[in-house]
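Subject: Structure handover

Hello,

Here is the structure for you to look through. Please open it beside this email and follow along.

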Amino acid sequence: MAKMEVKTSLLDNMIGVGDMVLLEPLNEETFINNLKKRFDHNEIYTYIGSVVVSVNPYRSLPIYSPEKVEDYRNRNFYELSPHIFALSDEAYRSLRDQDKDQCILITGESGAGKTEASKLVMSYVAAVCGKGAEVNQVKEQLLQSNPVLEAFGNAKTVRNDNSSRFGKYMDIEFDFKGDPLGGVISNYLLEKSRVVKQPRGERNFHVFYQLLSGASEELLNKLKLERDFSRYNYLSLDSARVNGVDDAANFRTVRNAMQIVGFMDHEAESVLEVVAAVLKLGNIEFKPESRVNGLDESKIKDKNELKEICELTGIDQSVLERAFSFRTVEAKQEKVSTTLNVAQAYYARDALAKNLYSRLFSWLVNRINESIKAQTKVRKKVMGVLDIYGFEIFENADNSFEQFIINYCNEKLQQIFIELTLKEEQEEYIREDIEWTHIDYFNNAIICDLIENNTNGILAMLDEECLRPGTVTDETFLEKLNQVCATHQHFESRMSKCSRFLNDTSLPHSCFRIQHYAGKVLYQVEGFVDKNNDLLYRDLSQAMWKAGHTLIKSLFPEGNPAKINLKRPPTAGSQFKASVATLMKNLQTKNPNYIRCIKPNDKKAAHIFNEALVCHQIRYLGLLENVRVRRAGYAFRQAYEPCLERYKMLCKQTWPHWKGLARAGVEVLFNELEIPVEEYSFGRSKIFIRNPRTLFKLEDLRKQRLEDLATLIQKIYRGWKCRTHFLLMRKSQIVIAAWYRRYAQQKRYQQIKSSALVIQSYIRGWKARKILRELKHQKRCEEAATTIAAYWHGTQARRELKRLKEEARRKHAVAVIWAYWLGLKVRREYRKFFRANAGKKIYEFTIQRIVQKYFLEMKTKMPSLSPIDKNWPSRPYLFLDSTHKELKRIFHLWRCKKYRDQFTDQKKLIYEEKLEASELFKDKKALYPSSVGQPFQGAYLEINKNPKYKKLKDAIEEKIIIAEVVNKINRANGKSTSRIFLLTNNNLLLADQKSGQIKSEVPLVDVTKVSMSSQNDGFFAIHLKEGSEAASKGDFLFSSDHLIEMATKLYRTTLSQTQQKLNIEISDEFLVQFRQDKVCVKFIQGSQKNGSVPTCKRKNNRLLEVAVP
Ligand SMILES: Nc1ncnc2c1ncn2[C@@H]1O[C@H](COP(=O)(O)OP(=O)(O)O)[C@@H](O)[C@H]1O
Ligand SMILES: [Mg+2]
């Protein structure tokens, strides 16, 4: 109510007119043009009073966002541009605030957008009504019932990819606060013939395709289905896949929705099993089989499918098989069984499939209702939403029983529209105290009567015909119609015309025509009787009842033999009539809101506006009728307050404020504007304007005046703006100046202050320095006095010191002089007592004492007895030098003798030999130092003891000096072989190491020279006398570990035997005689590769190289 003052209006920025009531002049052409103009500007909604006309845009428009919901929330119906939300809001608020039950009637032909509209209404109401967990769950369940019903009840048709194939009325129930409590859904007339046959380019119900595309392999196996659509006769294949529709995804959505709505898992499964059974039924085929009586009997071609169906549904196979071959007719006590021919069998099969499916659908609706029904018993407010097909008119007399029924329903809806609109109009006039003027309009009650009259209505005739015994055909039915309805002004048929001697060739045979309020429709009678009968053979319903499948069993209660009912079930026509009657009764208690949907083209395409098509719809929807009814009397009405608010600027008295009542204000205003009195009437709360022209005049004036006002406002605003600007500038200037002055003064003050401080500090400084100077002078004076005093005292002290020192020196001098004097006196006195040679004696005594002391001291300081100890005490006096050296020599000789004396003769011999070696090799051969520590053993090889060498021992008579194994170097190639080397007093012998056999014998006299290197190796050559017997092969070349010992012994033996010194040559290059050749043996520093073993190599006949490490 806060928005009572109207700030905006439907009339603002209107494209064409937002309300058809304002159309001037009103005719079909202007009507369509207005719709088209608005459609082209994306305005798909247009009002006819409170009716919303909606043109399907076939594309999503950004007009359903949450922001839009907020825009329309709690706003007056005419406040904003026409929208379905405005209608929803109006309905919801009037339900919530005025406690009026509402119904929203949505009509239009297939594909015009009814279902979308109903969903928009529901979603708007869901968005604006209460919130909270419980409420949200109710909302969710209500909204999620849609996908479930759409899967089972919608199909792709030529006109609409998601066409509802059933009529739906849903009551949404609210509590007193306007929170949703639950809902009830009613369904009308499912188009079940679609289950078994679909027109070209159309599909069966979505659920079949969704199941096959979306189910898991496991589920498919369980349902004994295959994914391939082409396997199923009931599925049309030419449009099995629809562009932009994902069946598999939708299947998941549907399963999810079922869960939200409250289906148990086993229920959902049962439903799918029934769907599978229906699909599979279509695959059962029959063949004729001749019987004895000459009649054809049908037999099932392939029983496999039948078997699977029976397994799936728990039906005894034989029972079902029989039901497809026989028909039992029961009358009173009799039971007659007849066989079915192939055509009848197919009929029975299809009837069963249709019935199964349509009953399943009704069961679904009931099941959903159970879930969504309100849980409380409190009084409920109700908003009903009716989504039902509008008028259907096919060309070429393709209209059948279904169209007849649908059109009948629409006829009834028009009836209720007229009734309610007129009633409301009338009520408003009475409420507003306006004189009622008669309105001319067409009342379709007469057509309703033609169809539904209990005694001679078309439906009653049809029922009568169906129940009549004897042969009944569609033709007999038409005949009956011709008889009964011939005179009715809205009924036509060839026969009835003929009876009036009129010949209308536009009327074919077996057709009749009804002149509905929306136009003439030609119906084909074929199928009327059958469809009305809606026959399912009792055998089949009984077979179904016997199913183990609980859901299927419950769908066929009439199959229960215990409840056998010989009365025929009500016909489809009468059932529908009854449900329409209930619906109408229901609607009549409610406040109606209309949404009229229009389809702009047949191509499901955006932006195309087919005028002929729209014109057709406008006609049969009776929209012009709507406008006329609505405009009867007064075209426009508005409450006084908003009216005054909108137009008050048109008159001086009311502008800008009207103090009195709004009505008085409007009166003044209208008088002032000189609007003719017959153009308007004053109601209690509203002004009624008869002609749209008047309203537009008002609007034009308002627009003009608004422009003037805008200029005025602009003028004042500009002036105000300039002045405020000026004032602001002035204020700012003052502020700036004040601040600046303050700043300048502050700065000057700071300057003066700092100057004063400088001067002050200078003066203070000057004063301080003056005082300082004085103080310093004073201090210096004091210091000078102290210094002078100190100097003076110093001088005094030094003078005294000098004097005392002088005195001491004098005293000392006196003492010295005195001593000298005394000495002189003593010497003079005792000189005569000393002999002249006393000095010499004293000297000798002193020397003697010194020598004595020296020897005594030497005794204690004597070094050790080791001959190699070099220590010797130092000499105390220079004059003892020679003595000291002599003493050292004597001592050394003595201790050497002492040392030698302890040696045995044998040891002496060894040392002699060692000494000899030392003389021969010390500092000459590098091998020598390593031999010093080795004792010379001579007989390394104990020939005496080894029995191997007995023969050798026996051969030698002399004393053996050396017995050793040496390597004899082969003269030819430098390789070595082991030989026993023996030295006796006179001979040198070489023997085989293994056998001990003597190889060569050389008398010592024939040995001339021994040669060896200066290095650390054991090679040596024994040179033999030229021409001697031993020298025939040449000189010997050996290598031995005991070279030094061997050479020494050889030298000594030779010396003692021949009194000749053996020549020992030590050189790294020497010549040897091999037979005739002189060969040079050369020692080289070899590579390390052979380790520490020297190697020998004969290079050529002049050179033999020995590599030593
Ligand atoms: N308001 C809308 N905005 C956008 N597209 C719409 C609107 N109304 C309908 N349509 C389109 O038209 C198609 C048919 O609408 P639908 O409501 O199913 O028609 P009906 O129920 O009248 O047969 C929808 O699938 C949708 O694509
Ligand atoms: Mg629909």
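Below are notes on how to read it, then the findings, grouped by place.

This is a predicted model, in which local features need pLDDT of at least 70, side-chain atom pairs count only at pLDDT 80 or more, and totals for chains, interfaces and linings use all residues. Residues are numbered from 1 along each chain as its sequence is written, chains are lettered from A and ligands numbered from 1 in the order in which they are written, and side-chain values use heavy atoms, with hydrogens and water left out.

**The annotated site**

Start with the UniProt record. Its unreviewed entry lists Gly 108, Glu 109, Ser 110, Gly 111, Ala 112, Gly 113, Lys 114 and Thr 115 as "binding site". Such positions are given in the numbering used here, feature names are shortened, and annotations may be inferred rather than shown by experiment. From this set, Thr 115 is in the lining of the second largest cavity. A cavity is a set of points, on a 1 Å grid over the protein atoms alone, where a 1.4 Å probe fits but cannot get out; lining residues have an atom within 4 Å of a point.

Now look at Ser 110. It sits in the loop between β3 (102-107) and α4 (114-128). Helices (H or I, at least four residues) and strands (E, at least two) are DSSP runs, numbered from the N terminus.

Is Ser 110 buried or exposed? Ser 110 is buried, because its relative accessible area is 4%. Buried means under 20% relative accessible area, exposed over 50%, and partly exposed in between (1.4 Å probe, protein chains only).

Ser 110 is in contact (heavy atoms within 4.5 Å) with Thr 157, Arg 159, Asn 160, Ser 163, Arg 165 and Lys 599, leaving aside neighbours within four places in sequence. Its side chain also makes a polar contact with the side chain of Ser 163, at 3.1 Å. A polar contact is a pair of N or O atoms within 3.5 Å; within protein, one must be able to donate a hydrogen and the other to accept it, and residues adjacent in sequence count only if both atoms are side-chain atoms.

Gly 113 is in the loop between β3 and α4. Gly 113 counts as buried because its relative accessibility is 17%. Beyond four places in sequence, Gly 113 touches Asn 56 and Cys 597.

**A buried charge**

Glu 173 is in strand β6 (residues 167-174). Glu 173 is buried but has no salt bridge. A salt bridge is a side-chain nitrogen of Lys or Arg within 4 Å of a carboxyl oxygen of Asp or Glu. The nearest side chain of opposite charge, Lys 380, is 4.2 Å away. Lys and Arg count as positive and Asp and Glu as negative; His and the chain ends are not counted.

**A covered helix**

Helix α16 (residues 458-467) is mostly covered, with eight of its 10 residues buried. Among them are Ile 458, Leu 459 and Asp 463.

**Backbone points**

Most residues other than glycine have a negative phi, and most peptide bonds are trans. A cis bond joins Glu 24 and Pro 25, with omega about -15°. Pro 25 lies in the segment before α1 (28-40). The bond from Trp 655 to Pro 656 is cis too, with omega near 0°.

Asn 42 has a positive phi, near 65°. Asn 42 counts as partly exposed because its relative accessibility is 38%. Asp 923 has a positive phi of about 65°. Asp 923 counts as exposed because its relative accessibility is 75%.

Best wishes

Definitions and conventions. 1 Å grid on protein atoms, 1.4 Å probe; cavity = no way out; pocket = protein on both sides within 12 Å on 5 of 7 lines; lining within 4 Å.
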